[in-house]
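Please take me through how to read some features of this structure. I would like the general idea of each, then the case at hand.

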Amino acid sequence: MKEIVQLQVGHAGNGLGNRYWNLLGWEHGVAADGRYEGDSDLQLECINAVYEEARGGRYLARSILVDLDPSHLESVMASRANPF
């Protein structure tokens, strides 16, 4: 299976990327804290294409965030629906 790495650059890129990962979490059954809460085998079948499985069965977004303004990155990382 292919693996996807997303690159988010700048204020707008990180804002859109954060919403993109929230949508992917919903589609794949991954909660905001990274736990799988889905109910379909189809969700698990493709989850490793966009998420990396960490210890304890937690899934982390495979993404690189870049911004010259650290305060915006901190706000993305501190958001309630943080998949990173």
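Q: Which residues make up the largest nonpolar core?

A: A nonpolar core is a set of buried Ala, Val, Leu, Ile, Met, Phe, Trp, Tyr and Cys residues joined through side-chain atoms within 4.5 Å. Buried means under 20% relative accessible area, exposed over 50%, and partly exposed in between (1.4 Å probe, protein chains only). Here the core has 8 residues in all: Trp21, Leu24, Val30, Ile47, Val50, Tyr51, Tyr59 and Ala61. Both α1 and β3 (59-61) supply at least two residues each to this core. Helices (H or I, at least four residues) and strands (E, at least two) are DSSP runs, numbered from the N terminus.

Q: What should I know about the model and its numbering?

A: The model is predicted: local features need pLDDT of at least 70, side-chain atom pairs count only at pLDDT 80 or more, and totals for chains, interfaces and linings use all residues. Residues are numbered from 1 along each chain as its sequence is written, and side-chain values use heavy atoms, with hydrogens and water left out.

Q: Is histidine 28 buried or exposed?

A: Histidine 28 has 13% relative accessibility and therefore counts as buried. It belongs to helix α1 (residues 10-28). Contact means heavy atoms within 4.5 Å; leaving aside neighbours within four places in sequence, histidine 28 has contacts that include Ile47, Val50 and Tyr51. A polar atom of its side chain lies 3.5 Å from the backbone oxygen of glutamine 43.

Q: Which residues of helix α3 are buried?

A: In α3 (residues 70-78) they are His72, Leu73 and Val76. Seen down the helix axis, these fall within an arc of 100 degrees (taken from the directions from the axis to the C-beta atoms), so they line one face of α3. The face turned away from the buried side carries exposed Glu74 and Ala78. Among the elements covering the buried residues are α1 and β4 (63-66).

Q: How many salt bridges does the structure hold?

A: A salt bridge is a side-chain nitrogen of Lys or Arg within 4 Å of a carboxyl oxygen of Asp or Glu. The structure holds 3. Asp33, Arg35 and Glu37 are linked in a network: arginine 35 pairs with aspartate 33, with the closest N and O atoms 2.5 Å apart, and with glutamate 37 at 3.0 Å, N to O.

Q: Which side chain does glutamate 52 meet in a salt bridge?

A: Glutamate 52 meets arginine 62 (2.9 Å, N to O). Glutamate 52 is in strand β2 (residues 51-53) and arginine 62 in the loop between β3 and β4, so the pair ties together parts 10 residues apart in sequence. Arginine 62 is buried, with a relative accessible area of 11%, whereas glutamate 52 is partly exposed at 41%.

Methods. Polar contact = N/O pair within 3.5 Å; in protein donor to acceptor, adjacent residues only side chain to side chain.
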